[in-house]
Amino acid sequence: MPYGPSSILGDVLRDERAADVVRKHLPGLQRDMSVQCMHGTLEQVTGIVAGIRTNPAAKEAFYAELATVAETAHQPPPPAEAPAVPSLDYESADVPIGSARLLRQEGATQWRTFELELHGPAHGNPFTEVTLWAEFRLGERSLAAHGFYDGDGVYRIRFLPDEEGDWTFQTFSNARSLDAIAGEFRCGPADSGDHGPVHAHRTHHFRHADGTRYLPVGTTAYAWTHQGDELEEQTLQTLRSSPFNKIRMCVFPKSFVHSTNEPPRYPFEGSLDDGWDFQRPNPGYFRHLERRIAQLGALGIQADLILFHPYDRWGFSDMGAAADDRYLRYVVSRLAAYPNVWWSLANEYDLMWAKDVTDWHRFAAVIGEHDPHGHLLSVHNWVELWDNDASWVTHASIQRAPDDTAEWRTRWRKPVVVDECGYEGDIEWGWGNLMPQEMVRRCWEGVVRGGYVTHGECFLADDDVLWWAKGGALKGESTPRIRFLRAVLDELPADVAGIDPLPADFDVPVGGVEGRYYLAYLGHMQPRRRTFSLRPGPRYRADILDTWNMTITELPGSYEGEFALPLPGRPFHAIRLRAIED
């Protein structure tokens, strides 16, 4: 039987003759995306690879020559790994119950991670053979936090107290020494700056658990925690002086253009040559990750953690269902007590051809079972938008231009974050060489239409350090303009959750709060005047915002009902109307 459109690329490339045909007809495959295509059918692959996706004749010639190669018989895939079932006799009956040594802090503060450190057994494989969790109680309330093995006989249970008061805890484990350990602690008031996790609020917006408004102004540096200390510290220093309060980042290392270096550490024991032991996470890897997350938290930055992605040459994108679930239980148990964590199931889920829709729903259930604090949870797309109607999806994470933001809000009745709208830069591909003016325009468009937009930057460099991939230093012109946008957002009335789209003429999007606040964005247009028709009654102050030169010009007087405002006749301006309070 010859190879054809339904053949899996990875199988085809294992056949020497068929691989030669692929290299001949799909020269752009290696350059574009060979790694993430291994699990796709040739029909899927030829639909996305440059040089053949829009050339029917070239596609026909490819399949015709490939049809002359007989399919090589391959060994069937190994049977799926059965989920491990921890034994009740992990420790012998002569081990006293609750005998593990407990180390803990005496007190706690609201919204600050509280940890129990238990020194217990290390025989066998504690990662898979030991179950551990604790029940935390305050009055009638009860929350369950799952523990994890941190190597060298150390187990940890982390909890994020969400109320002041006297909490109690008790552990539960199949290991006798870790079972039935109880105690109490006093949780005091939150320290200044501690506001708790971010949750969806008023349908389309966000706020912290303590009620503090949160308006996402994000950026992307996928593999910044996989670059070594020097570059990672530079990234933190850059973020410290940036306008960004959220960053999209991968848990696993990433393999793609401008991100081909080996990471300094790996998430599992083993090696690329000898294979990975997916039953044994590398605690040092995850300690490093959580240290970076804590440092982001100290800067007031949310860590939008991408749990799976297709840009993988190590095998972490296709570990099998049992290993995927085990990994999720481990990483969520480790990180759920960090207040600044968001969960993103995938970057470009629809490129992860080794997984199907049921896998993503199962992953969401695993996270829900192991995250007592209910962090935000989303799925990011490549081409096909995820079904954000799913009850467990807290907000839409979109890869598209932001023009349809208002429609997405209406469709899903959830916050919309356009997490990938393109990148300012000068690399080869169209998604990564936007002019800074266009990057800024897209951010304003998404905001005025009632959503939130994530920045990115891709400038070629001799050291191959591009912010979008590795972090480092920001070089583009959009960042200070996004700082200006954030300042405008921060000046929203204190009781306003965010900007909602408002009725407007066909040519200019307008957002704000009816009768109180209007923000109209003119984008590329350059009118010399603009007329507004508002209901009589409220009077408004009018500001002309130059979103590129970052200036605000207050017009004299006040305005009511129908009125026309003079404009400078240049692009990239916005108009702000604020009701005059009596």
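Predicted model: local features only at pLDDT ≥ 70, side-chain atom pairs only at ≥ 80, totals over all residues.
Q: Let's start with the whole thing. How many helices and strands does the protein have?
A: The count comes to 14 helices and 31 strands. Along the principal axes, the C-alpha atoms fill a box of roughly 85 × 75 × 40 Å.

Q: What does the radius of gyration say about a chain of 582 residues?
A: The idea is to set the value beside what a compact globule of that length would have. For 582 residues that would be near 25 Å, and the protein has 27 Å, which agrees. Buried residues account for 56% of the 582.

Q: What share of the contacts join residues at least 24 apart?
A: Take contacts between residues at least 6 apart in sequence: 69% of them join residues at least 24 apart.

Q: Can we zoom in on one residue? Is V418 buried or exposed?
A: Buried means under 20% relative accessible area. V418 has 0%, so it counts as buried. You'll find V418 in strand β20 (residues 416-420).

Q: Which residues is V418 in contact with, leaving aside its neighbours within four places in sequence?
A: The list for V418 is I398, R400, P402, T405, W408, Y452, V453 and T454.

Q: On to charges. How many salt bridges does the structure hold?
A: First the general idea: side chains of opposite charge can pair when their charged atoms come close. In this model there are 45 salt bridges.

Q: Where do R578 and D543 lie?
A: The two side chains meet in a salt bridge, 2.7 Å from N to O. R578 is in strand β31 (residues 573-579) and D543 is in strand β28 (residues 540-546), so the pair ties together parts that are 35 residues apart in sequence. D543 is buried, at a relative accessible area of 1%.

Q: How far apart are R486 and D490 in helix α14?
A: Four residues, and since both sit in α14 (residues 478-490), that separates them by about one helical turn. R486 is partly exposed at 25%, and D490 is partly exposed at 46%.

Q: What about R280 and D277: how far apart are their closest N and O atoms?
A: In that salt bridge the gap is 3.8 Å. R280 counts as partly exposed, with 24% relative accessibility, and D277 is partly exposed too, with 30%.

Q: Which residues are linked in a network of salt bridges?
A: Look for E115, E117, D150, R156, R158, R287, E290 and R334.

Q: Last one: how do I read a helix pair? At what angle do α9 and α10 cross?
A: Look at the axes, then at the side chains between them. The axes of α9 (residues 321-335) and α10 (residues 357-370) cross at roughly 35° and come within 9 Å. The crossing is right-handed.

Q: And which residues of α9 and α10 meet there?
A: From α9 you have A321, D324, D325, L328, R329, V332 and S333; they meet R362, F363, V366, I367 and H370 of α10. By kind, the residues of this contact divide into six nonpolar, two polar and four charged.

Note on methods: Residues numbered from 1 in each chain as written. Heavy atoms only, no water. Salt bridge = Lys/Arg side-chain N within 4 Å of Asp/Glu carboxyl O. Buried < 20%, exposed > 50% of the residue type's maximum accessible area, 1.4 Å probe, protein only. Helix = DSSP H or I, 4+ residues; strand = E, 2+ residues; numbered from the N terminus. Axes fitted to C-alpha atoms, helices over the stretch in contact; angles between N-to-C directions. Left-handed = near helix turned anticlockwise from the far one by under 90°. Contact = heavy atoms within 4.5 Å. Nonpolar A, V, L, I, M, F, W, Y, C, P; charged D, E, K, R; others polar. Rg over C-alpha atoms; globule rule 2.2 N^0.38 Å.
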